[in-house]
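Subject: Structure handover

Hello,

Here is the structure I promised to pass on. My notes follow below it.

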Amino acid sequence: MFMVRPAWQRGCLVFFTTCLLGMLVACPLGVAGIWQGIVKPPWFDYMLGPVRLIGYSNWNVDCPPYTGCNPTRQEAYVVWVAFSALHTPANARAYRLVAVPIHPAFESQ
């Protein structure tokens, strides 16, 4: 027959299901908000040993982090991972992980 679960197990199951559904809804809405320019994407720069994770909005998605490049017509949010033995941007090898174009929600005409 059916076993009745203790209340704490049911509570954990409800909590886990709610969190999972929340993430399934929030992640696409967040990406859509960044893409439309409604939500400002987070700027971050984390370093763990020789690995550096960098995320920011930029006018040139092909421009590695902390270097000067000519701007383009399209703003985008980019996330880079950089590997450096000396912890200096000049000696780093950077790889772009994510590039999300940002389209202004309210363009002036």
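How many salt bridges does the structure hold? There are two. Before the details, please keep in mind that this is a predicted model.

**The salt bridges**

Asp45 pairs with Arg52 in one of them. The closest N and O atoms there are 2.8 Å apart. Asp45 has a relative accessibility of 24%. That value lies between the 20% limit for buried and the 50% limit for exposed, so Asp45 counts as partly exposed. Asp45 also has a bridge partner in the sheet, namely Ile54 in β2.

Asp62 and Arg96 form a salt bridge through their side chains, with 2.9 Å from N to O. Asp62 sits in the loop between β2 and β3, while Arg96 belongs to strand β4. The pair therefore ties together parts that are 34 residues apart in sequence. How accessible are the two partners? Asp62 counts as exposed, at 55% relative accessibility. Arg96 is partly exposed, with a relative accessible area of 39%.

As background, side chains of opposite charge can pair when their charged atoms come close.

**Overall layout**

The protein has one helix and four strands. Along the sequence, the pattern reads α-β-β-β-β. Of the 109 residues, 20% are buried. The protein exposes about 8,600 Å². Carbon and sulfur atoms supply 69% of that area. What share of the contacts between residues at least 6 apart in sequence joins residues at least 24 apart? The share is 41%.

**The sheet**

The four strands make an open sheet in the order β1-β2-β3-β4. The pairing is antiparallel. Which strands lie at the edges? They are β1 (44-48) and β4 (93-101), and each pairs on one side only. Neighbouring strands are turned against each other by 15° on average, direction ignored.

Here is the pairing, step by step:

- β1 to β2: five bridges join β1 to strand β2, which covers residues 51-58. Leu48 has Val51 in β2 as its bridge partner.
- β2 to β3: eight bridges join these antiparallel strands. Gly55 has Val79 in β3 as its bridge partner.
- β3 to β4: eight bridges join β4 to strand β3, which covers residues 76-83.

β1 and β2 form a hairpin. Two residues lie between them. Gly49, in the turn, has a positive phi of about 65°.

For orientation when you look at the two sides of the sheet: in a regular strand the side chains alternate between the two faces.

**Val98 in β4**

Val98 is found in strand β4. Is Val98 buried, partly exposed or exposed? Val98 counts as partly exposed, because its relative accessibility is 36%. Leaving out residues up to four places away in sequence, Val98 touches Tyr77, Val78 and Val79. The C-alpha atoms of Val98 and Val79 are separated by 5.1 Å. Along the chain, these two residues are 19 residues apart. Val79 is also the bridge partner of Gly55.

**The helix**

Helix α1 spans residues 7-36, and Met23 lies in it. Which residues form the nonpolar patch on the surface? They are Phe16, Leu20, Leu21, Met23, Leu24, Val25 and Leu29. Together they have about 730 Å² of accessible area.

Ala32 is also placed in helix α1. With a relative accessible area of 35%, Ala32 is partly exposed. How far apart are the C-alpha atoms of Ala32 and Ile102? They are separated by 9.4 Å. The two residues are 70 residues apart along the chain.

**Where to look**

1. The turn of the hairpin formed by β1 and β2, with Gly49 in it.
2. The nonpolar surface patch that includes Met23.

Best wishes

Methods
Residues numbered from 1 in each chain as written. Predicted model: local features only at pLDDT ≥ 70, side-chain atom pairs only at ≥ 80, totals over all residues. Heavy atoms only, no water. Pairing = 2+ DSSP bridges. Axes fitted to C-alpha atoms, helices over the stretch in contact; angles between N-to-C directions. Patch = residues over 30% accessible without salt bridge, like charges linked within 9 Å, V, L, I, M, F, W, Y side chains within 5 Å. Areas by Shrake-Rupley, 256 points an atom, 1.4 Å probe, with all protein chains shown as cover. Salt bridge = Lys/Arg side-chain N within 4 Å of Asp/Glu carboxyl O. Buried < 20%, exposed > 50% of the residue type's maximum accessible area, 1.4 Å probe, protein only. Contact = heavy atoms within 4.5 Å.
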